[in-house]
Amino acid sequence: MHLRNLKSSPRRVLVTGAAFTLGLLLAAGGAGAAHAAGSVQAVIGLGTLDSFGVLGHTTVTNTGATTITNGDLGLSPGTSVTGIAPVTIDNGVVHATDAQSELAQADLTTAFNDAASRVPDVSNLIDLAGQTLAPGVYAGGALSLSGTVTLAGSASSVFIFQAASTLITASSSTVAFSGGANACNVFWQVGSSATLGNGSVFAGTILAQTSITAETGATVAGRLLASTGAVTLDSNVITRPSDCAARTAIVASTPTAAQTAAAAAAAQAAA
């Protein structure tokens, strides 16, 4: 992108070819926080993922008293769900290597590719801390959050973050909202793995290519969805967003087509 200064407004920058402006909000003491008036985006279609709070590929591992509210816990095609006993699932079920989790993984691939294809309004970001961001698409290599980022918009505003490699939040970091924006339409597309630091207050749906680790006491208003790796939990509170649309009915576990065929073959052999 090519930048040119606007002489009539020294605190504004025009980004050629993009329909947004980047302003500087001056805080006390002269410190500034970037606020981007970005693009209007359609939401990322989740399909069957909508019902999940946690979805892993290889394993889902938990330590401590984790709570998942208004969402399912899923795993496919792996078979190892460990530490599930201390997990409280409120208004959700466990889908371990069943038809629902299998379909959700397929929908995760679709959602990940959709998020990755969006054209960024702002690129080359690193640390989001201290910024107030308007709706739009924000991209970086390895994204981090060392403090608080504020997402400003309405209840229907869509925020998409693209991390080419990792997403790492520091201990006690926060994703905050203003103006009615909320976690329903916040998406984090992560090219490798995501780590939420101890006590992080995180918001949005993570679509990770590899794995997701939520360290001790991290809270999530959103979803943790891992495409090819594990989800590791530790005394977390995960609340699937429900402010934007009502949840569809909870679906009980059903066998996959392969499991049904195997059972039929076993029954035939036994006969």
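**The nonpolar core and its surroundings**

Mentor: The largest nonpolar core has 41 residues, and the members that touch the most others are F161, W188, I206 and L224. Strand β21 (residues 201-208) contributes the most to this core, with four residues. Here a nonpolar core is a set of buried Ala, Val, Leu, Ile, Met, Phe, Trp, Tyr and Cys residues joined through side-chain atoms within 4.5 Å. Buried means under 20% relative accessible area, exposed means over 50%, and partly exposed is in between, with a 1.4 Å probe and protein chains only. Strands (E, at least two residues) and helices (H or I, at least four) are DSSP runs, numbered from the N terminus.

Before we go further, a word on the model. It is a predicted one, in which local features need pLDDT of at least 70 and side-chain atom pairs count only at pLDDT 80 or more, while totals for chains, interfaces and linings use all residues. Residues are numbered from 1 along each chain as its sequence is written, and side-chain values use heavy atoms, with hydrogens and water left out.

Let's start with L224. Setting aside neighbours within four places in sequence, L224 is in contact (heavy atoms within 4.5 Å) with G53, V54, L55, L196, I206, I212, A214, V231, L233 and I238. There is also a second, separate core of 16 residues, and L49, F52, V137 and L225 are among them. As a general background, nonpolar side chains tend to be buried together in soluble globular proteins.

Now for the rings. A pair of aromatic rings is described by the distance of the centres and the angle of the planes. The structure holds three aromatic pairs. In one of them, Y138 and F161 are stacked, at 5.5 Å centre to centre with 25 degrees between the planes. This pair links distant parts of the chain, 23 residues apart: Y138 is in strand β14 (residues 136-145) and F161 is in strand β16 (residues 159-163). Rings of Phe, Tyr and Trp (its six-membered ring) count as a pair if their centres lie within 6.5 Å; planes under 30 degrees apart are stacked, over 60 edge-to-face, and the rest tilted. Y138 is buried, with a relative accessible area of 1%, and F161 is buried too, with a relative accessible area of 1%.

F161 also pairs with W188: their ring centres are 4.1 Å apart and their planes are at 10 degrees, so this pair is stacked. Because F161 lies in strand β16 and W188 in strand β19, the pair ties together parts that are 27 residues apart in sequence. Both partners, F161 and W188, are buried. Ring pairs join Y138, F161, W188 and F202 into a cluster.

Q189 counts as buried because its relative accessibility is 8%. Not counting residues up to four places away in sequence, Q189 touches F112, A115, A116, F161, Q162, A163 and L207.

Q100 belongs to helix α1 (residues 99-117). With 19% relative accessibility, Q100 counts as buried. Beyond its neighbours within four places in sequence, Q100 contacts F52, H95, V251, A252, S253 and T254. F52 is one of the residues of the second core.

A few backbone details round out the tour. Most residues other than glycine have a negative phi, and most peptide bonds are trans. S76 and P77, however, are joined by a cis peptide bond with omega of about 5 degrees, and P77 sits in the loop between β8 (72-75) and β9 (80-82). N91 has a positive phi, near 65 degrees, and lies in the loop between β10 (88-90) and β11 (94-96). N91 is partly exposed, at 37% relative accessibility. N124 has a positive phi near 65 degrees as well, but N124 lies in strand β12 (residues 122-127) and is exposed, at 71% relative accessibility.

Stepping back, the protein chain has two helices and 25 strands. Buried residues make up 43% of its 271 residues. Of the contacts in the chain with a separation of 6 or more, 50% involve residues 24 or more positions apart.
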